[in-house]
Amino acid sequence: MSYDPPRPAGRLLLTPEDKEAPARARRLRGLGLGERPEPALDTFAHRLAELTGAPYAMVNFPGEQGQFYAGLYVPAVAPVVRSDGTSPQLGRTLPRDHGFCPHVVARRKALVLEDVHDYPRFAGNPVVDEFGVRSYLGAPLIDGTGLVLGTVSVADVEPRPWGKPGLTAIKEHAARLAMELEGRDGLLPY
C-alpha cells in the first residue's frame, strides 16, 4: 500500500498499490481500450444507472497514473450544489487516489459501501467532498487470464442499502462485460 500525503482536512488516505498496472495497460492497449470513450460502454453505464437508480455509473480502466472512464453515465443535472451555487461535474479521468475503484482493483473483489461515512478509511476520499458521493457499489472486470482490467461501478449522493441483490447484480454485470471485452469483435451495443 502507498500512503498519500494528508489532505487539507488533515486526513491520511490509503490508496492501494497497483502492481498489475503495467500488465493491465498492455492488455487494455491490445484490446483497444482505456484511451478513449466507448459509446457501447457509455450505454452500458447508462443502463446500469437505470437498473440501480444511481445517478452515477462507470466502466473504469485504471492506468499507471490515474483512472479513465471509458464508459460513463452522469446525470444531466448534478445532484450536488456547492455553497457558491456551482455543481461539480465528473469527467472521464480522475487521479488514482480519487474514488473507490482502486480498492476494487487491489482487492480483486466487489466493494459495497452503503454509507461511506461509516468507514473512516473511505470517508476522507476526495470524491466524498468534491462530488458528494455517499454510497458506492463496484465489481472488478476480470479477464480470462485472471487480470483485472478495470471496474464496473455505481455511486449515489445518498446512502443506499445495496444489499445482496445489488452485490449480485453488479458482479453479474461485471462478469458479463469482462467476457464481452475479451471478444472485442463481438462487443454488443447495450
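By class, the lining of the largest cavity has 11 nonpolar, 1 polar and no charged residues; here Ala, Val, Leu, Ile, Met, Phe, Trp, Tyr, Cys and Pro count as nonpolar, Asp, Glu, Lys and Arg as charged, and the others, Gly among them, as polar. The model is predicted, so that local features need pLDDT of at least 70 and side-chain atom pairs count only at pLDDT 80 or more, while totals for chains, interfaces and linings use all residues. Residues are numbered from 1 along each chain as its sequence is written, and side-chain values use heavy atoms, with hydrogens and water left out.

The volume of the largest cavity is about 140 Å³. A cavity is a set of points, on a 1 Å grid over the protein atoms alone, where a 1.4 Å probe fits but cannot get out; a pocket is an open set with protein on both sides within 12 Å along at least five of seven lines, and lining residues have an atom within 4 Å of a point. Grid points are joined across faces, edges and corners, and a volume is the space filled by probe spheres set on the points. Of the 12 residues that line the largest cavity, Met58, Tyr69, Val127, Val133 and Ala155 lie nearest its centre. At least two lining residues come from each of β3 and α5 (126-131). Helices (H or I, at least four residues) and strands (E, at least two) are DSSP runs, numbered from the N terminus.

The structure holds 2 cavities of 30 Å³ or more. The second largest cavity has a volume of about 40 Å³. Its lining consists of 11 residues, and Leu14, Thr15, Asp97, His103 and Asn125 are the closest to its centre. β2 (14-15) and α3 each supply at least two residues of this lining, which divides into 3 nonpolar, 5 polar and 3 charged residues.

The largest pocket has a volume of about 190 Å³. It is lined by 13 residues, with Ala25, Gly34, Phe61, Gly63 and Glu64 nearest its centre. Two or more lining residues are given by each of α1 (21-31), β3 (56-62) and β4 (66-73). The lining of the largest pocket holds 6 nonpolar, 4 polar and 3 charged residues.

In overall make-up, the protein has 6 helices and 8 strands, which run β-β-α-α-β-β-β-α-β-α-α-β-β-α from the N terminus on. Of its 190 residues, 52% are buried, where buried means under 20% relative accessible area, exposed over 50%, and partly exposed in between (1.4 Å probe, protein chains only). Among contacts (heavy atoms within 4.5 Å) between residues at least 6 apart in sequence, 63% join residues at least 24 apart.

Helix α2 comprises 14 residues (39-52), which at 1.5 Å a residue should span 20 Å; the end C-alpha atoms are 20 Å apart, in agreement with this value. The expected span is 1.5 Å times one less than the number of residues in the helix. Within α2, the buried residues are Ala40, Leu41, Asp42, Phe44, Ala45, Leu48, Ala49 and Thr52. Their cover includes β3, β4, β8 (148-156) and α6 (163-182). Gly53, with a positive phi near 75°, follows α2.

In the loop between α1 and α2 lies Pro37, which is partly exposed at 41% relative accessibility. Apart from neighbours within four places in sequence, Pro37 is in contact with Phe68, Ala70 and Arg92. Pro37 and Phe68 are 31 residues apart in sequence, and their C-alpha atoms are 8.7 Å apart.

A pair of aromatic rings is described by the distance of the centres and the angle of the planes. Rings of Phe, Tyr and Trp (its six-membered ring) pair if their centres lie within 6.5 Å; planes under 30 degrees apart count as stacked, over 60 as edge-to-face and the rest as tilted. A search of the whole structure finds 3 aromatic pairs. Among them, Phe100 and Phe122 are edge-to-face, at 5.6 Å centre to centre and 80° between the planes. Phe100 lies in the loop between β5 (93-95) and α3 (101-107) and Phe122 in helix α4 (residues 120-123), so the pair ties together parts that are 22 residues apart in sequence. Phe100 is buried at 2% relative accessible area, and Phe122 is buried at 8%. One aromatic cluster is formed by Phe100, Tyr119, Phe122 and Tyr136.

Arg108 is not a glycine, yet has a positive phi of about 65°. Arg108 is located in the loop between α3 and β6 (111-113) and is partly exposed, with a relative accessible area of 34%.
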